[in-house]
Amino acid sequence: MKQLLLLLYCLFFFHAVVAEDGSKLWLRLPTEAQATVKCNKQSPTLDVAVKELRQSWQGVSVTLSLQQTKSLRALGSEGYTIHTSPDGQQLTIASSGESGLLYGAFHLLRLQATGENLTALHLSERPSFDIRILNHWDNLDRTIERGYAGRSLWLWDELPATLSPRYAAYARANASVGINATVLNNVNASPQILSLDYLEKVKALADTFRPYCLKVYLAINFSSPSILGGLPTSDPLDPLVRKWWNQKVNEIYKLIPDFGGFLVKANSEGLPGPQDFGRTHADGANMLADALKPHKGVVLWRAFVYNPDDEDRAKQAYQEFVPLDGQFRDNVIIQVKNGPVDFQPREPFSPLFGAMKQTPVMAEVQITQEYLGFSNHLCFLAPMWKECLDSDTYQQGEGSTVARITDGSLYGRRPTAIAGVANTGDDVNWCGHDFAQSNWYAFGRLAWSHQLSSEQIADEWVAQTWGMKNKALTEMMLASREAIVSYMMPLGLHHLFAWGHHYGPEPWCDVPGARPDWMPSYYHKADALGIGFNRSSTGSNATAQYHTPLCEAFDNVQTCPENLLLWFHHVPWDHRMKNNRTLWDELCYTYNKGTQQARNFQKVWDNLEKFVDSQRFREVQHRLKIQARDAVWWRDACLLYFQQFSKRMIPAELERPVHELNDMMNYKLPITNYECPPYGFTP
Ligand code: GCW
């Protein structure tokens, strides 16, 4: 008997551990609720909505109602209302579209999982952006560029015959937060993706995703007509090239009638594009837009372009694209990274958002943490994305935020969109770090409603993922991005990263013969006088790309926000900060503050041990240790390196460096294929 009990105990324990491996994401829902759910129609999407509620909803009976009333149509086919009947015995989710009912069902389940009061619900929702899209940088060999959670989810070799259960799980997770589109392959695109062989595999994925209202898009290689089609050119004005694209697009829509469109990286970082043939970005984008137009497809054309020989990389996207404003077809959206350089821990918003007057622009943010400690560092990104979306461009005077320009409310331009570079891979917990799941979640939630606060998103995610409400935990998440800025690149410093993989600090990096704009010294410009990139009117004049009054505020060292000071100015070491410290002392204090914060995260987490299942607890604990160690590595590397120029002491009251500059300079992390290193610098 005793042995039997022991066995049962072990089985239960084993089950508990296995069940909490992070694979369920934020969807740790009850599965045997047996709710009463009615729906006035059947379809693959509605069947999903009904099934989700039936198995997980623990409240009064629910009716899903597809209706074409004026007020519902005004919310769009993805919008919905949720109402409790006057007697409280009945809930109705109503929408003019099936997708709206699916999103409404997940909304209800979210309210239940976050412990909201469910007695008298009266809600009305519609998304901020039409296209809420993930960009996977997944290669066809299943490596993922800048992916830190294993290999690609797409098992190309097995497709289309074999469908991994993870495909539907992936689509379901996206639907639960309102993500409605996905680009399956890397923007550094292989032409192969457009071969019939691969298109049949793509079709199999699209068919699996369709019930979850997740549309498939593809990244294309601009030279596909010559590489794949054998044509002598890929010139966008050549009639044969245009014919090739038309036929290719028709072929795609025969297989995938609701195909979304193309994402294009052209004439950027060595990739082919229209400029190879003396044509413009508009010529290239319009050729594809014309082919897609009859099928209602769109072109997402990236503005991430820069040449090594220009004086300031931060100015180049604006310089190339603003003259083309007005020349793009109406089914082209220009996809702009949040900042003018490249997903740095902190950048000002890209001035392109406020510059294009006749062309729809959309923001691209990076969910994967290429420049934020990969999936080793805990970094909740909602505050960073909101910083960009809430920035006022002053394009039409006060209130012209990036959010209002890109969501169409300022100009009414459609379609509207927002993109996030995905952080998923085939790791059991999808994202590597259990807390990196919060960024997938946050991207979806903000894409649905950019008015949500970071705090609300963190609270929701914590309640669903960890089954508790905990102030210390959400506060840690909310502080995490700023902590990273502090221990990596405070006060507007940027691109001090190690060569190639971008994991650790290398402010000294100097690779002979490499592109100057890939070198940290191009960005920090530290010398005996001071540190920072002079982008003011006495320097590269990038400040002039912003509207008044920002242009003037950024331009003056006294009025420039201090968190962007070294982005816009080369500042003397003894410059007085607002708190009266010298710039050098402030750098030392800020690096130390970030390091302390990283250590405190460990304490916050350890305090929660008894509330968290053991497997996930230990995994997070392990990564927080790496993060705290890396923070010291960053601090020591940057302060000891810059001290060679500043020739000033680290303030006596601060912790002393524990590493030797030389050791750090001689250290190379053995990272290949962008995997996540198990540790950082270990002398
Ligand atoms: O941030 C840089 C990355 C590249 C990436 C590029 C881009 C996909 O280091 O890996 O390529 O941006 O956004 O195109």
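A few ground rules come first. Residues are numbered from 1 along each chain as its sequence is written, and side-chain values use heavy atoms, leaving out hydrogens and water. Since this is a predicted model, local features need pLDDT of at least 70 and side-chain atom pairs count only at pLDDT 80 or more, while totals for chains, interfaces and linings use all residues.

**Domains 1 and 2**

The chain splits into domain 1 (22-125), domain 2 (131-466) and domain 3 (485-533 + 570-665), with bounds taken from an automatic or database domain assignment. Between domain 1 and domain 2, the C-alpha centres are 29 Å apart. Their contact (heavy atoms within 4.5 Å) draws on 21 residues from domain 1 and 28 residues from domain 2. About 2200 Å² is buried between the two, with carbon and sulfur atoms giving 60%; buried area is the accessible area (1.4 Å probe) that two parts lose on being put together, summed over both.

What about polar links here? The interface of domain 1 and domain 2 has 11 residue pairs in polar contact (both at pLDDT 80 or more). A polar contact is a pair of N or O atoms within 3.5 Å; within protein, one must be able to donate a hydrogen and the other to accept it, and residues adjacent in sequence count only if both atoms are side-chain atoms. On the side of domain 1 that touches domain 2, α4 (98-113) and α2 (44-56) are the elements giving two or more residues, and α4 gives the most, with six residues. Helices (H or I, at least four residues) and strands (E, at least two) are DSSP runs, numbered from the N terminus.

**Salt bridges**

Side chains of opposite charge can pair when their charged atoms come close. Counting a side-chain nitrogen of Lys or Arg within 4 Å of a carboxyl oxygen of Asp or Glu, the model has 37 salt bridges. Two cross the interface of domain 1 and domain 2. Elsewhere, Arg-142 and Asp-426 pair up at 3.2 Å, though they sit 284 residues apart in the chain.

**Around the ligand**

| Residue | Distance |
|---|---|
| Glu-145 | 2.4 Å |
| Glu-370 | 2.6 Å |
| Arg-302 | 2.7 Å |
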